[in-house]
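Please look over the structure below. This report takes up ring contacts first, then surface charge.

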Amino acid sequence: MKIDVKNLAKEIINGRRLKRGEDFSFFLEADSEELFEGANMIREALCGNKADLCSIINGRSGRCSENCKFCAQSSHHKTGIKEYEFLDPDVILEDCKKHQEKGVHRYSIVTSGRTLSDKDFEKALLSYQKMKAECEIELCASHGLLTKDQLIRLKEAGVSMYHANIETSKRYFPNICTTHTYEDKINEIKLAKEAGLKVCSGGIIGMGETWEDRIDMAISLAELEIESIPINALIPIENTCYENLKPLSEDEILRTIAIFRYINPTAYIRMAAGRCYFKDGGKKVFLSGANATITGDLLTTVGSNIAQDLEMLTSLGFDLSVI
């Protein structure tokens, strides 16, 4: 039986939630424009017009022990990426101030590697303490598999949200990484929540996974009650395992975003890597269910200009005042 996706959107607005085990094949058969409009209806009704902008700094680059097939920073790939140790906390502080002045809502240090050494963890703490003391921007962190005690210390230093992508479905995860597991990621998310942190977790599409894998990832994130869900469209990087994968089409990216909105109706659906595939900076992304984005340069690919993003989102009617 064909599902009217706009009626389904109204049901979700009125309290219905999609659960694991339901038949989601209608998402793939639905008319694109109707699906996107329905997702935008859900976003407007349940999230309002607030947009959330975050920027990241690559706090420690390269030489990562993990073998994630998509990543330029993995030591298993010879990508020629610039490598450096943990940045000086004062360098991070000044970069944070610049982003705050430009109107960004969140700022995160992201580091390569499975976790942080004791020395680097202390540098991270000092960085967050300095930013908390001198800035008003929300602070986020992404440092791999930390202990609960370390996560508590991050919160005490001023961090409000911890980032740990599940990357894909549980089924597909072993195809993209074998040096840590899907369960490791789930455990990290649970530890962060136990430490009193909000969680940012999403993944990458376009790595050879199926639509069922994407939907499974969306359901898993809903079950974990994730507040911020970054969606990255793979940008194939030379000398990684995925260098020859064909980039996703606009329609595939937009359909994925819309599906994530239907399944996670109150979350921030955050477009991360992949807006470069859209001619206009991704306006359609924010009319198909997304209400957040990473802005400025990403880790190893060039992101979107902050001023352009502010102008674009304002023109679409989004409220960019501090959340």
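## Buried phenylalanines

Phenylalanine 24 has a relative accessible area of 9%. The cut-off for buried is under 20%, so phenylalanine 24 counts as buried. This is a predicted model. Phenylalanine 27 has a relative accessibility of 0%, so phenylalanine 27 is buried too. Phenylalanine 26 is buried, as is phenylalanine 27.

## Ring pairs

How many aromatic pairs does the structure hold? There are five. One of them joins phenylalanine 24 and phenylalanine 27. Their ring centres lie 6.0 Å apart, and their planes meet at 15°. Planes under 30 degrees apart count as stacked, so this pair is stacked.

Phenylalanine 27 also pairs with phenylalanine 26. Here the centre-to-centre distance is 4.4 Å. The angle between the planes is 40°, and the pair is tilted.

Which residues do ring pairs link into a cluster? The members are Phe24, Phe26, Phe27 and Tyr262.

## Negative surface patch

A patch of negative charge sits on the surface. Asp4, Asp31, Glu33 and Glu34 gather there.

Where is glutamate 34 found? Helix α3, residues 32-47, contains glutamate 34. The relative accessibility of glutamate 34 is 36%. Partly exposed lies between the 20% limit for buried and the 50% limit for exposed, so glutamate 34 counts as partly exposed.

Terms used
Residues numbered from 1 in each chain as written. Predicted model: local features only at pLDDT ≥ 70, side-chain atom pairs only at ≥ 80, totals over all residues. Heavy atoms only, no water. Patch = residues over 30% accessible without salt bridge, like charges linked within 9 Å, V, L, I, M, F, W, Y side chains within 5 Å. Areas by Shrake-Rupley, 256 points an atom, 1.4 Å probe, with all protein chains shown as cover. Salt bridge = Lys/Arg side-chain N within 4 Å of Asp/Glu carboxyl O. Lys, Arg positive; Asp, Glu negative; His and termini not counted. Charge placed at Lys NZ, Arg CZ, Asp CG, Glu CD. Helix = DSSP H or I, 4+ residues; strand = E, 2+ residues; numbered from the N terminus. Buried < 20%, exposed > 50% of the residue type's maximum accessible area, 1.4 Å probe, protein only. Phe/Tyr/Trp six-rings, centres within 6.5 Å; stacked < 30°, edge-to-face > 60°.
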